Amino acid sequence: MSTAKKARTTPPYELIYWPSIPGRGEFIRLVFEATGTSYTDTANASKDGINSVLSLIDAKSTTSGDGNPPAFAPPALKVPGEGKEGKALVIYQTPSILAYLGDKLDLAGSDEAEKHWILSHALTALDLNNEAHDTHHPIAVQLYYEDQKDESLRKAKFFRESRLPKFFGYFERVLKANEEGKGKYLVGAKLSFADTTVWQVLDGLKFAFPKELAAIEKDYPTLFETFYNGIKEEGGLKEYLASDRRLPYSEGIFRHYPELDRQ
Ligand SMILES: N[C@@H](CCC(=O)N[C@@H](CS)C(=O)NCC(=O)O)C(=O)O
């Protein structure tokens with residue numbers, strides 16, 4: 001995508017992430033989209049775009065180019081001109097990319113304290129994201145779901161019954177305590193990458209566990225009514241979510257296996 005003002009004043013940001021799925025790349029896309037920032041989603045931009053990911057994680061590689069260390073796993077962000085000696089900067093790990101872009105795109109709070117609260121909340125949401133993934137892959141990522149289904153059923157039950165209420169209750173408390181945010185923002189009075197990250201995890205959980213969420217959302221009215229519905233309407237995000245750039249959930253982190261949901 002490319003839009004108005006910011007497109008001319010920001011570097012040509014490049015997101016490198018598996019094509020066709022939202023996955024962890026979505027946390028990065030949301031900060032670009034919420035701020036109307038131009039970026040290239042390289043693996044989705046051309047037919048052989050997946051090669052950008054494959055070369056990024058090549059097990060024999062000792063660099064991701066331009067003197068940057070190799071990346072362990074996608075997503076990665078490439079920023080021409082921002083690395084050592086004016087070369088490209090390549091960073092990986094979702095929260096590291098979010099913290100970098102948060103600073104550049106004004107989604108990282110207004111002072112040092114807010115900056116660290118925002119990072120802390122984003123990390124907590126990413127923990128929840130990981131736990132959601134582990135409900136369908138509790139034993140090994142190399143195995144098919146069908147080969148770890150019994151363990152998945154056990155894992156999902158604990159996840160739904162004890163982990164979701166703990167995380168949701170936590171974010172509900174944070175929202176209520178942040179009076180400035182009026183239930184719509186986790187930190188301060190404006191959007192941050194903590195908001196977009198928590199929102200994406202809630203959205204994924206609604207897809208993966210529709211019955212469970214339908215049953216318990218009412219226990220967290222600030223989180224689901226004010227926050228979740230409010231963030232969806234934010235400028236930039238609203239247009240993005242209605243566009244075909246927003247990839248559908250499928251075989252990624254958030255998967256809908258009815259047997260793992262509330263029965
Ligand atoms: N903590 C890392 C996790 C990265 C990760 O697990 N990436 C997935 C795609 S969403 C992957 O391809 N992992 C390969 C692997 O871990 O071997 C992050 O947030 O960036």
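Trainee: By class, which residues make up the shell around the ligand?
Mentor: The shell around the ligand has three nonpolar, three polar and one charged residues. Here Ala, Val, Leu, Ile, Met, Phe, Trp, Tyr, Cys and Pro count as nonpolar, Asp, Glu, Lys and Arg as charged, and the others, Gly among them, as polar. Before we continue, note that this is a predicted model, in which local features need pLDDT of at least 70 and side-chain atom pairs count only at pLDDT 80 or more, while totals for chains, interfaces and linings use all residues. Residues are numbered from 1 along each chain as its sequence is written.

Trainee: Which residues surround the ligand?
Mentor: Gly23, Arg24, Ala73, Pro74, Pro75, Gln93 and Thr94 surround the ligand. A residue is counted as near a molecule if its C-beta atom, placed from the backbone, lies within 6 Å of it.

Trainee: What joins proline 74 and proline 75?
Mentor: A cis peptide bond joins them, with omega of about 10°. Proline 75 lies in the loop between helix 4 (50-56) and strand 3 (76-79). Helices (H or I, at least four residues) and strands (E, at least two) are DSSP runs, numbered from the N terminus.

Trainee: And glutamate 85, where is its place?
Mentor: Glutamate 85 is in the loop between strand 3 and strand 4 (89-92). Its phi is near 50°, a positive value in a residue other than glycine.

Trainee: Changing topic, into which domains is the protein divided?
Mentor: There are domain 1 (4-104) and domain 2 (112-234), with bounds that come from an automatic or database domain assignment. Their C-alpha centres lie 24 Å apart. The contact between the domains takes 10 residues from domain 1 and 12 residues from domain 2, where two residues are in contact if their C-beta atoms, placed from the backbone, lie within 7 Å.

Trainee: Which helices supply the side of domain 1 that touches domain 2?
Mentor: Helix 2 (25-34) and helix 5 (94-104) each supply at least two residues of that side. By class, the side of domain 1 that touches domain 2 has seven nonpolar, two polar and one charged residues.

Trainee: At what angle do helix 5 and helix 6 pack?
Mentor: The angle is about 150°, and their axes are 10 Å apart. Axes are lines fitted to C-alpha atoms, for helices over the stretch in contact, and angles run from 0 to 180 degrees between N-to-C directions. Helix 5 and helix 6 are therefore roughly antiparallel; angles under 35 degrees count as roughly parallel, over 145 as roughly antiparallel, 65 to 115 as roughly perpendicular and the rest as oblique.

Trainee: Which residues meet there, in helix 5 and helix 6?
Mentor: Thr94, Pro95, Leu98, Ala99 and Gly102 in helix 5 meet Ile118, Leu119, Ala122, Leu123 and Leu126 in helix 6. This contact has eight nonpolar, two polar and no charged residues.

Trainee: How do helix 6 and helix 8 pack?
Mentor: Helix 6 (residues 112-136) and helix 8 (residues 193-208) pack at about 20°, with their axes 8 Å apart. Helix 6 and helix 8 are therefore roughly parallel to each other. The contact includes Ile118, His121 and Ala122 of helix 6, and Phe193, Ala194 and Thr197 of helix 8. Its residues divide into 12 nonpolar, four polar and no charged.

Trainee: And what is the angle between helix 6 and helix 7?
Mentor: Helix 7 (residues 149-177) packs with helix 6 at an angle of about 165°, their axes being 9 Å apart. These two helices are therefore roughly antiparallel. Among the residues in contact are Glu131 and Asp134 of helix 6 and Lys155 and Arg163 of helix 7. By class, this contact has five nonpolar, four polar and four charged residues.
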